[in-house]
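Have the sequence and the 3D view open as you read.

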Amino acid sequence: MTKYFDTLFINANLATMNPNIDAPYGAIENGALGVKDGKIAWIGKETNFPQDKDIGVGEVFDCEGGWITPGLVDCHTHLVFSGNRAKEFEMRLQGASYEDIARNGGGIISTVKATRAATPRLLHLESTVRLGDMFDAGVTTVEIKSGYGLDLETEVKMLRVAKQLGKKYDMRIQTTFLGAHAIPPEYKDRADDYIDLVCNEMIPKIAELGLADAVDGFCENIAFSPAQIRRVFEAAKKYGLPVKLHAEQLSNQGGAKLAAEFCALSADHLEYIDEDGIKAMAAAGTVAVLLPGAYYYLKETQKPPVELFKKHGVPMALATDCNPGSSPIVSPHLILNMACTLFDFTPEEALAGMTRIGATALGLGSKIGTLELGKSADMAIWSIEHPSELSYWVGMNYAPTKVFKDVIQNNEVIPYDY
Ligand code: NIG
Ligand code: FE
C-alpha cells in the first residue's frame with residue numbers, strides 16, 4: 001500500500017484564508033487536509049476525500065469539529081532586547097512624549113545600553129519568554145529585527161540570538177537588520193558618519209554572515225532622514241537584501257514613497273502617510289504593516305488611513321511590533337482585537353493580516369499564510385466554533401489545540417560562546 005499522506009486531519013473546518021475561495025475566511029466546512037513531506041497534499045470537503053483502500057495514511061488527527069487556520073505570522077517585532085522601559089511608561093503617563101524621552105537620551109538608546117551590556121545567554125533567556133508566549137498563541141513565523149546594538153558586535157549578537165530562538169521553538173524566524181534605528185551615543189550629532197558605518201561595514205559583514213533576510217530603517221525626525229535611509233537601501237540592494245521601513249509613524253517624512261521606490265517588502269506604522277505615498281506603495285506592491293499596539297500604547301490619535309489603503313488596493317498586514325518602548329505586547333490575539341476595535345478591521349481582515357498578508361510582507365507568500373495545495377503544512381488547530389473568536393477575546397492568549405509545522409529549514413544553528 002502506498003503511503004500517500006503522513007498525516008490526515010479530519011473532522012475539521014478549514015479557514016484557508018485563500019482569497020480564491022469564495023467564502024468568508026476562504027472557509028471549507030467539514031473539511032479534511034492531508035500532509036505529505038511537510039506540504040499540504042490534499043484539501044477539501046471530507047466527503048470528497050478518496051475512499052480508495054490503497055491510499056495509505058500515517059497518522060489520522062481528529063480535529064473534533066474545530067478550525068484549522070494557517071499558523072499565525074507576526075511580521076514586525078523587535079523581540080530580542082534586554083531590560084524594560086517601565087520607568088519611561090510612567091514618564092509618558094505624566095506628560096512626557098515618546099519624542100521628548102528619545103531626545104533626552106532615553107527611548108531606544110536606553111534599550112541599546114541594556115542590550116549591549118547583556119551576555120548572549122541573558123539576551124536569549126529574556127527573549128525566550130516572549131517568543132514562548134507567541135508560540136503558545138499559535139504563531140509559527142516571527143520576524144525579529146536587530147537595532148538595539150547600533151554597533152556591529154551587538155547587532156550580530158542580537159541576530160544570532162534571534163536565529164537560535166527559532167531553533168529552540170522550531171519556529172520560522174525571519175531576521176531583519178535594523179542598524180538605522182537610532183543614532184548611537186558615540187555618534188551624537190554625526191548621523192551621516194554612523195550611516196557610513198551601517199553601509200560600509202555593518203551591511204557587508206551581516207550579509208557575509210548570512211544573518212539577515214532583510215534590511216529596515218527608521219525614517220523619522222528623531223531618527224534618520226529620507227536621504228540617509230536612501231543610502232542604507234542602496235547598500236542593501238548592493239548585497240541583494242530586500243528592504244522595509246518604519247515610515248510615517250510620528251510625522252510624514254515621505255518614507256513610504258522612498259520604500260516604494262526600492263520595491264520594499266513593506267512600509268510599517270503609516271499613521272501619517274498621505275495619498276501619494278499610498279499610490280506609490282500600490283504601484284510597487286509594497287505591503288502596509290499596521291501596528292495597532294504601538295498606536296494604542298503611545299496614545300496616538302491619528303489612525304492609519306485604512307479606507308485609502310483599501311481604495312488603492314494596498315494589502316494590510318498586522319503585527320505586534322513587540323518592543324520595550326512603543327509596544328510591549330506579545331499577544332497576536334490582542335493585536336487582532338485592536339485592529340478591529342481601533343482600526344475598523346473585520347475579524348476576517350484581521351486574520352488575513354496575521355496570516356496571508358503577513359506572509360507577503362516577509363516575502364514568504366508562496367510558502368505559507370494560506371491553506372493551499374503545495375504550501376507548507378504550517379498551521380494551527382483551534383477548539384473554536386468560528387474564526388472570529390480569534391479576534392474576540394481581550395487579554396487572553398487563545399491557545400491552539402495543536403500547532404503543526406513542516407520541517408523548518410532556515411534555522412541553522414548559529415553558535416556563540418556563552
Ligand atoms: O516600531 N519606531 C521605531 N521603533 C520601534 C520602537 C522601538 C523602541 O521604542 O524601542 C517601533 O515603534
Ligand atoms: Fe517597529
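Which residue lies over the face of Phe 81? Arg 130 does, at 3.6 Å from the ring centre. Keep in mind that the model is a predicted one.

- Distant parts of the chain are linked here: Phe 5 belongs to strand S1 (residues 3-15), while Phe 49 sits in the loop between strand S3 (39-45) and strand S4 (56-62), 44 residues apart.
- Phe 5 and Phe 49 are both buried.
- Together with Trp 42, Phe 5 and Phe 49 make up one aromatic cluster.

**The pair Phe 9 and Phe 61**
- Phe 9 and Phe 61 also form a tilted aromatic pair, with 5.7 Å from centre to centre and 55 degrees between the planes.
- Because Phe 9 lies in strand S1 and Phe 61 in strand S4, the pair ties together parts that are 52 residues apart in sequence.
- Phe 9 is buried, and its relative accessible area is 0%.
- Phe 61 has 19% relative accessibility; the cut-off for buried is under 20%, so Phe 61 counts as buried too.

Key. Residues are numbered from 1 along each chain as its sequence is written. Chains are lettered from A and ligands numbered from 1 in the order in which they are written. This is a predicted model: local features need pLDDT of at least 70, side-chain atom pairs count only at pLDDT 80 or more; totals for chains, interfaces and linings use all residues. Side-chain values use heavy atoms; hydrogens and water are left out. Helices (H or I, at least four residues) and strands (E, at least two) are DSSP runs, numbered from the N terminus. Buried means under 20% relative accessible area, exposed over 50%, partly exposed in between (1.4 Å probe, protein chains only). Rings of Phe, Tyr and Trp (its six-membered ring) pair if their centres lie within 6.5 Å; planes under 30 degrees apart count as stacked, over 60 as edge-to-face and the rest as tilted. A charge sits over a ring if NZ of Lys or CZ of Arg is within 6 Å of the ring centre and within 35 degrees of the ring normal.
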